[in-house]
Amino acid sequence: MTYNFNNAIIRKPNQSIQNGLSSQNLHPQYEIVLEEHSNYVKAIKEAGLKINLLEPLEEYPDSIFVEDPAVTYKSNIIILNPFDPSRNGEKDIIKNEIKDFFDSIFFVEDGFVEGGDILNISNHFIIGLSDRTNKLGAEKLSNILKRLGATVEICETPKDILHFKSECSVLDNDTILVSSKMAKLDYLKSNFNLIELPIGEEGASNSLRINDKLLLPDGFVKAEEILSKNYNLIKINVSEIAKVDAGLSCMSLRW
Ligand code: CIR
């Protein structure tokens, strides 16, 4: 099942996170990021995962977002090709740090693709085209995933959403949590059960289902009300980390 995991890779925060890419030109404070990150690590442990902690990378401001330079599938790791020049070099470092955790390693070397644009639901992947992921990168990744036995759909990410997964996440084998913008995508509407969050609660749509827990960004009252009926929630405050356009999924690689 897409959300049953045993292991996670997480990178300790770097002080240079304050200079991370931010659509609103905001600068998170390192000390607060450390505190939020430590609660995130605790929640992932509580969900039952063994954590493999990587050392901080000061030369890459956005490097705690380990989901973007790589994606896992079964016991494989695929090293991606992040678009932003300030992030592209992360892939060469993380490759050496994590390759021994996996049976096989694959590479997307042509085009661009970032992990934030890849949603894995059951044996199926949706790759969102965005400002960070282009058609060539999506096709190269799709070829690798298909060879490994997955099915793949390439979809557009609505304009002004950074990554496909910035506003959606897997809840169950056929259920996806979506913001109101993502709820309009024909491909999602016709193929999955969607739980739509109201306008103003977009920040909660990047939640993280792990085993029997659902990690949810704190501070979204309506999302909590909707989801607490069927899911075992762990709320985490990530408001400082959100200043650099990040949510819950991007801070770990799970398998
Ligand atoms: C970036 O713009 O690349 C970072 N500031 C945020 C990356 C968030 N990644 C993700 O949602 N997968």
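Reply: Sorted by class, the shell around the ligand holds five nonpolar, two polar and six charged residues. This is a predicted model, so please read every distance below as a computed value. In total, 13 residues surround the ligand. The closest are Leu21, Asp62, Asp68, Arg132 and Val244.

Let's go through the polar pairs. Asp62, one of the closest residues, places a polar side-chain atom 2.8 Å from a nitrogen atom of the ligand. Glu67 also faces ligand nitrogen: an N or O atom in the side chain of Glu67 is 3.0 Å from a nitrogen atom of the ligand. As for how much of the ligand is covered, the ligand taken alone exposes 340 Å², and the protein buries 98% of that. The space that the ligand takes up is the largest pocket.

Now for the residues elsewhere, starting with Cys168. This residue is found in strand 9, which covers residues 168-170. Cys168 counts as buried because its relative accessibility is 0%, and the cut-off for buried is under 20%. Cys168 and Ser205 are 37 residues apart in sequence, yet their C-alpha atoms are 5.0 Å apart in space.

Ser179 is another buried residue, with a relative accessibility of 1%. Ser179 sits in the loop between strand 10 (175-178) and helix 5 (186-191). The side chain of Ser179 is joined to that of Glu167 by a polar contact of 2.6 Å.

Lys74 is not a glycine, and still has a positive phi of about 55°. You will find Lys74 in the loop between strand 3 (70-73) and strand 4 (76-79). Asp160 is likewise a residue other than glycine with a positive phi, here near 65°. The loop that holds Asp160 runs between strand 8 (151-156) and strand 9. Is Asp160 buried or exposed? Asp160 counts as exposed, because its relative accessibility is 64% and the cut-off for exposed is over 50%.

Note on methods. Residues numbered from 1 in each chain as written. Predicted model: local features only at pLDDT ≥ 70, side-chain atom pairs only at ≥ 80, totals over all residues. Heavy atoms only, no water. Near = heavy atom within 4 Å. Polar contact = N/O pair within 3.5 Å; in protein donor to acceptor, adjacent residues only side chain to side chain. Areas by Shrake-Rupley, 256 points an atom, 1.4 Å probe, with all protein chains shown as cover. 1 Å grid on protein atoms, 1.4 Å probe; cavity = no way out; pocket = protein on both sides within 12 Å on 5 of 7 lines; lining within 4 Å. Sits in = over half its atoms within 2 Å of the grid points. Nonpolar A, V, L, I, M, F, W, Y, C, P; charged D, E, K, R; others polar. Helix = DSSP H or I, 4+ residues; strand = E, 2+ residues; numbered from the N terminus. Buried < 20%, exposed > 50% of the residue type's maximum accessible area, 1.4 Å probe, protein only.
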